[in-house]
Amino acid sequence: MGRARRVSFGVPAAEPTEPTLVRTAICSYHVIMKIDRRLARLRVRDMEHLVAITEAGSLRKAAKASGVSQPTLSKTLREIEDAFGAALFERSRTGLVPTAAGNHAAAAAEALLSELGRTRDELLQRRQIPFRIGCTPVF
């Protein structure tokens, strides 16, 4: 018994050559770098929109709750899905249903927003407000 080979339409596939493996590795690296750059462009507002879409179940309801237009929210969702490299929602006539990746991304977005809020509250509590007393001279 020899090594198993990939078979396509009954024809044994050739073993990948060194240049093919290098090209594949380079292409994979560029895809990963492109996704990383897209993730870096996401804003906190995008995460708020992702959570709103997940909770509302439709772009129209989420847009109304977020105070933005439906086309803007639709574009934001496309950008988020592009950044994550996965479809986060299944679209239907009745609305949007989160996929497994969508549920995971929404949970991560909620955790991120929660942590940002908690950090803001801690910083506000630590902020020292100077106490000043003013008086006029007494003659």
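## Asp121 and its salt bridge

Asp121 counts as partly exposed because its relative accessibility is 36%; the class covers values between buried (under 20% relative accessible area) and exposed (over 50%), found with a 1.4 Å probe and protein chains only. The side chain of Asp121 meets that of Arg120 in a salt bridge, with N and O 3.3 Å apart. A salt bridge here is a side-chain nitrogen of Lys or Arg within 4 Å of a carboxyl oxygen of Asp or Glu.

The model is predicted, so local features need pLDDT of at least 70 and side-chain atom pairs count only at pLDDT 80 or more, whereas totals for chains, interfaces and linings use all residues. Residues are numbered from 1 along each chain as its sequence is written, and side-chain values use heavy atoms, with hydrogens and water left out.

## Other salt bridges

By this rule, the count of salt bridges is five. One of them joins Arg43 to Asp46, whose closest N and O atoms are 3.3 Å apart. Arg43 is partly exposed, with a relative accessible area of 41%, whereas Asp46 is buried, at 2%.

Glu79 and Lys75 also form a salt bridge, at 4.0 Å from N to O. Both residues belong to helix α4 and are four residues apart, about one turn of the helix. An α-helix has 3.6 residues a turn, so residues three or four places apart point the same way. Glu79 is partly exposed, with a relative accessible area of 36%, and Lys75 is partly exposed, at 48%.

## Helix α5

Helices are DSSP runs of H or I with at least four residues, and strands are runs of E with at least two, numbered from the N terminus. Helix α5 comprises 27 residues, 100-126, and should span 39 Å at 1.5 Å a residue; the expected span is 1.5 Å times one less than the number of residues. The end C-alpha atoms of α5 are 39 Å apart, which agrees.

Within α5, the residues Gly102, Ala105, Ala106, Ala109 and Gly117 are buried. The buried residues of this helix pack against α2 (44-56), α4 (70-84) and β4 (95-98), where contact means heavy atoms within 4.5 Å.

## A nonpolar surface patch

Val44, Leu112 and Leu116 make a nonpolar surface patch of about 220 Å². Such a patch joins nonpolar side chains (Val, Leu, Ile, Met, Phe, Trp, Tyr) within 5 Å, while like charges are joined within 9 Å; its residues have over 30% relative accessible area and no salt bridge. Accessible areas come from the Shrake-Rupley method with a 1.4 Å probe, and for residues only the protein chains shown count as cover.

Val44 lies in helix α2. At 39% relative accessibility, Val44 counts as partly exposed.
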